[in-house]
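Here is a short tour of one protein model. Look over the sequence and the structure first, then read on.

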Amino acid sequence: MDNKNGRNIVLTALLFIVFIAFTVLVCRVDVAEIGPLNSSVGCAKLNGFVAKILPYNEFFYKITKYLGYLALLICAVFALLGLSEFIKKKSLRKVDPHVMLIFVTA
């Protein structure tokens, strides 16, 4: 294993640990019912502060809504691409591994 691969593995592990820590913080620290319909929200004081600074905006809601639809469409395209390769090549082992990886992680 060369030095660059070792650094990438360490960085990946570090980012995964940060992800786990952030998830635990959001689930356990300062949870209060300040969300829509009194839903529970982690880091409630920070979220409440940001919500007061950046109030609800219909325009940005629509942008994020349609970007979410676009992400789902992209997932569907890769699923269809993998399915078409599977049908053409008649074997799961012959499907491009990158397409399979995208399909599995999406």
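## How two helices meet

Helix α3 (residues 58-89) packs against helix α4 (residues 97-105) at an angle of about 135°. The axes of α3 and α4 lie 9 Å apart. The crossing of α3 past α4 is left-handed.

Keep in mind that this is a predicted model. The values below are computed from it.

## A nonpolar surface patch

Which residues form a nonpolar patch on the surface? They are Phe-59, Phe-60, Ile-63, Leu-67, Leu-70, Leu-73, Ile-74 and Val-77. Together they have about 770 Å² of accessible area.

Take Phe-59 as one member of the patch. Phe-59 sits in helix α3. Its relative accessibility is 53%, so Phe-59 counts as exposed. The cut-off for that label is over 50%.

## Along helix α3

Lys-88 is also part of the story of α3, for it is found in that helix. Is Lys-88 buried or exposed? Lys-88 is exposed, because its relative accessible area is 70%. Lys-88 and Glu-58 are 30 residues apart along the chain. Their C-alpha atoms are separated by 45 Å.

Glu-85 has its place in helix α3 as well. Glu-85 has 15% relative accessibility, so Glu-85 counts as buried. Buried means under 20% relative accessible area. Glu-85 and Asp-96 are 11 residues apart along the chain. Between their C-alpha atoms the separation is 7.8 Å.

## Between α3 and α4

Now turn to the loop. Lys-94 is located in the loop between α3 and α4. At 54% relative accessibility, Lys-94 counts as exposed.

How many residues apart in sequence are Lys-94 and Pro-36? They are 58 residues apart. In space, Lys-94 and Pro-36 are 48 Å apart, C-alpha to C-alpha.

Backbone angles come next. Most residues other than glycine have a negative phi. Two loop residues call for a look here.

Asp-30 has a phi near 50°, a positive value in a residue other than glycine. Asp-30 lies in the loop between α1 (3-28) and β1 (32-33). Its relative accessibility is 33%, so Asp-30 counts as partly exposed.

Leu-37 has a phi near 55°, again a positive value in a residue other than glycine. Where does Leu-37 lie? Leu-37 lies in the loop between β1 and β2 (40-41). Leu-37 is exposed, because its relative accessible area is 88%.

Terms used. Residues are numbered from 1 along each chain as its sequence is written. This is a predicted model: local features need pLDDT of at least 70, side-chain atom pairs count only at pLDDT 80 or more; totals for chains, interfaces and linings use all residues. Side-chain values use heavy atoms; hydrogens and water are left out. Patches are made of residues with over 30% relative accessible area and no salt bridge: like charges are joined within 9 Å, nonpolar side chains (Val, Leu, Ile, Met, Phe, Trp, Tyr) within 5 Å. Accessible areas come from the Shrake-Rupley method with a 1.4 Å probe; for residues, only the protein chains shown count as cover. A salt bridge is a side-chain nitrogen of Lys or Arg within 4 Å of a carboxyl oxygen of Asp or Glu. Helices (H or I, at least four residues) and strands (E, at least two) are DSSP runs, numbered from the N terminus. Buried means under 20% relative accessible area, exposed over 50%, partly exposed in between (1.4 Å probe, protein chains only). Axes are lines fitted to C-alpha atoms, for helices over the stretch in contact, and angles run from 0 to 180 degrees between N-to-C directions. A crossing is left-handed if the near helix is turned anticlockwise from the far one by less than a right angle, and right-handed if clockwise.
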